[in-house]
Amino acid sequence: MWQWFHRLGSPRWFYQTSGKWLPWLGGITFLLLIIGLVWGLGFAPRDAKQGNSFRIIYIHVPASFLALAGYYVMAIAGAVGLIWKMKLADMVMKSAAPLGAALTFVALVTGAIWGKPTWGTYWVWDARITSMLVLLFLYMGVMALQHSYTSVDAANRASAVLSLVGMVNIPIIYKSVDWWYTLHQPATIKFTEAPTMHPDMFHPLLVMIVGFYCFYALVLILNTRSEILHRERRSSWVKNVVLQNQR
Amino acid sequence: MMNPIRRQRLFLVIFIVVAASLAVGLMTYALRDNINLFYPPSDIAAGEAPPGVRIRAGGMVVDGSVERASDSLFVRFLVTDGEAEVEVHYTGILPDLFATGEAAVVTGELNEQGVFMASEVLAKHDENYTPPEVADAMNAAHERAQQSVDES
């Protein structure tokens, strides 16, 4: 029963298979992001109260979504690495950390830029913004742990435990605007209800969110592939890949 | 069937997640009042907010309560949470989105009279996004409904 699972865990199998997906995934990502950006920034109507400044939502919300979802990817990969000692899972965990940190940073910066014209301030220490800053530090903590051990196994174990402990922050970020009084408004897009946004504005946002998911998958695969080559550099199949590329 | 060592490690992972959630859950529960960004007007009216200390208050700006001085940037308004109202005094520039019927968060101190002397006013916008034409149409429909209620 577990056989497919173990084959999935083979770095060599993943490297060869993912190579076939990359052009497709790259093309779809590029298309979705271009369509979403032009539609959202150029053609969606402006907001009655906020005017054009609301358009930063087309970057802010997708980046925040993936910053949160990406943490689950990192933590679950860490758990799989801990339990099954799967090499590929450890590499995915390591590759997800800088990507998640970058997306969290984008979410925080676009949020600050959006906050100035609407709220009247770049930054406020409310529950949503503070917990998002904690998320950035968690990602940076995993990155730091990866580099602070000479043994790869020890680094993987420590980062996986930190990822798992930090997972508790994700529902806190998500629910912070409902649990406490915050300056940040509650969620526009919910899984259980219709979005509180006009369809003309919501459709390009949806395209951007799907586009960001594809972008995340693309960059995660690229990061993981380079990590595979690095960690398996002594194996003969990697030497063959490198020799083939040189020819 | 999972092998026993892996099952043991799986339980360890579950234990880490549950223990961390419990610890953080208890911590945030204990600190729940400190995590709130601002006091709602009903807490201030009930005397739960300390006077003479820098705090934040937040609520909806009451319709028709905004009074501006003609010779300075002084402005006076009421914020409400539906139960109580707090009077806010502020001298300075208000954010663009500050409006009656919208929420605002003010930073400052309560004086002895229970007036909130604000040094900063932030506008809190809601999670609804509407194109201008749709918003105008909705307002017009709302006014028509209001008129027919008044007439009858």
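The expected span of a helix is 1.5 Å times one less than its number of residues. Keep that handy for helix H8 of chain A, which has 33 residues and reaches 47 Å from its first C-alpha to its last, close to the 48 Å expected. What you're looking at is a predicted model. Chain A has nine helices and zero strands, while chain B brings in some strands, including S4, S5 and S6, as the strand section below shows.

**Chain A at a glance**

- Read from the N terminus, the elements of chain A go α-α-α-α-α-α-α-α-α.
- The C-alpha trace of chain A spans about 60 × 35 × 35 Å along its principal axes.
- Chain A has 247 residues, and 40% of them count as buried.
- Take the contacts in chain A with a separation of 6 or more: 76% of them come from residues 24 or more positions apart.

- Helix H2 of chain A covers residues 11-43 and bends by about 40° at A:Trp21. A proline, A:Pro23, follows within four residues of that bend.
- The buried residues of H2(A) are A:Pro11, A:Phe14, A:Thr29, A:Gly36 and A:Gly40.
- Among the elements that cover those buried residues are H3 (57-84), H4 (87-118) and H8 (199-231) of chain A.
- H8(A) has a list of buried residues too, including A:Met201, A:Pro204, A:Phe212, A:Phe215, A:Tyr216 and A:Ile228.
- The cover over the buried residues of H8(A) includes H2, H3 and H4 of chain A.

- A:Trp84 sits in helix H3 of chain A. It counts as partly exposed because 19 other C-beta atoms lie within 10 Å, and a residue needs 20 or more to be buried.
- A:Trp84 and A:Leu66 are 18 residues apart in sequence, and their C-alpha atoms are 26 Å apart in space.
- A:Lys85 lies in the loop between H3 and H4 of chain A. With 15 C-beta neighbours inside 10 Å, A:Lys85 is partly exposed.
- Most residues other than glycine have a negative phi. A:Lys85 is not a glycine, yet its phi is positive, at about 55°.
- H4(A) has 32 residues and reaches 47 Å from its first C-alpha to its last, close to the 46 Å expected at 1.5 Å a residue.
- H4(A) bends by about 25° at A:Ala96, with a proline, A:Pro98, following within four residues.
- Just after H4(A), A:Gly120 takes a positive phi of about 105°.

**Strands of chain B**

- Strand S4 of chain B (residues 85-91) runs parallel to S6(B), and three bridges join the two. B:Val88 has B:Phe116 as its bridge partner in S6(B).
- Strand S5 of chain B (residues 103-110) runs antiparallel to S6(B), joined by eight bridges. Here B:Glu109 stands opposite B:Met117 in S6(B).
- S5(B) and S6(B) form a hairpin with five residues between the strands, where B:Gly114 takes a positive phi near 80°.

**The nonpolar core**

- In soluble globular proteins, nonpolar side chains tend to be buried together.
- In this model, the largest nonpolar core has 87 residues. The residues with the most contacts inside this core are A:Met74, A:Ala96, B:Ala104 and B:Val106.
- H3(A) gives the largest share of this core, 17 residues.
- A:Ala96 also marks the bend in H4(A).
- Leaving out residues up to four places away in sequence, B:Val106 touches B:Arg56, B:Ala57, B:Val88, B:Tyr90, B:Phe116, B:Ala118, B:Glu120 and B:Val121. B:Val88 and B:Phe116 in that list are bridge partners of each other.

**Where chains A and B meet**

- The contact takes 34 residues from chain B and 38 residues from chain A.
- On the side of chain B that touches chain A, the elements giving two or more residues are helix H1 (4-30), strand S6 (116-124) and helix H4 (132-151) of chain B.
- H1(B) gives the largest share of that side, ten residues.
- By class, that side of chain B has 21 nonpolar, seven polar and six charged residues.

Technical notes:
Residues numbered from 1 in each chain as written. Chains lettered and ligands numbered in written order. Predicted model: local features only at pLDDT ≥ 70, side-chain atom pairs only at ≥ 80, totals over all residues. Bend = angle between axes of the 7 residues up to and from the residue. Buried ≥ 20, exposed ≤ 12 C-beta atoms within 10 Å, placed from the backbone. Contact = placed C-beta atoms within 7 Å. Nonpolar A, V, L, I, M, F, W, Y, C, P; charged D, E, K, R; others polar. Core = buried A, V, L, I, M, F, W, Y, C linked by C-beta atoms within 7 Å. Pairing = 2+ DSSP bridges.
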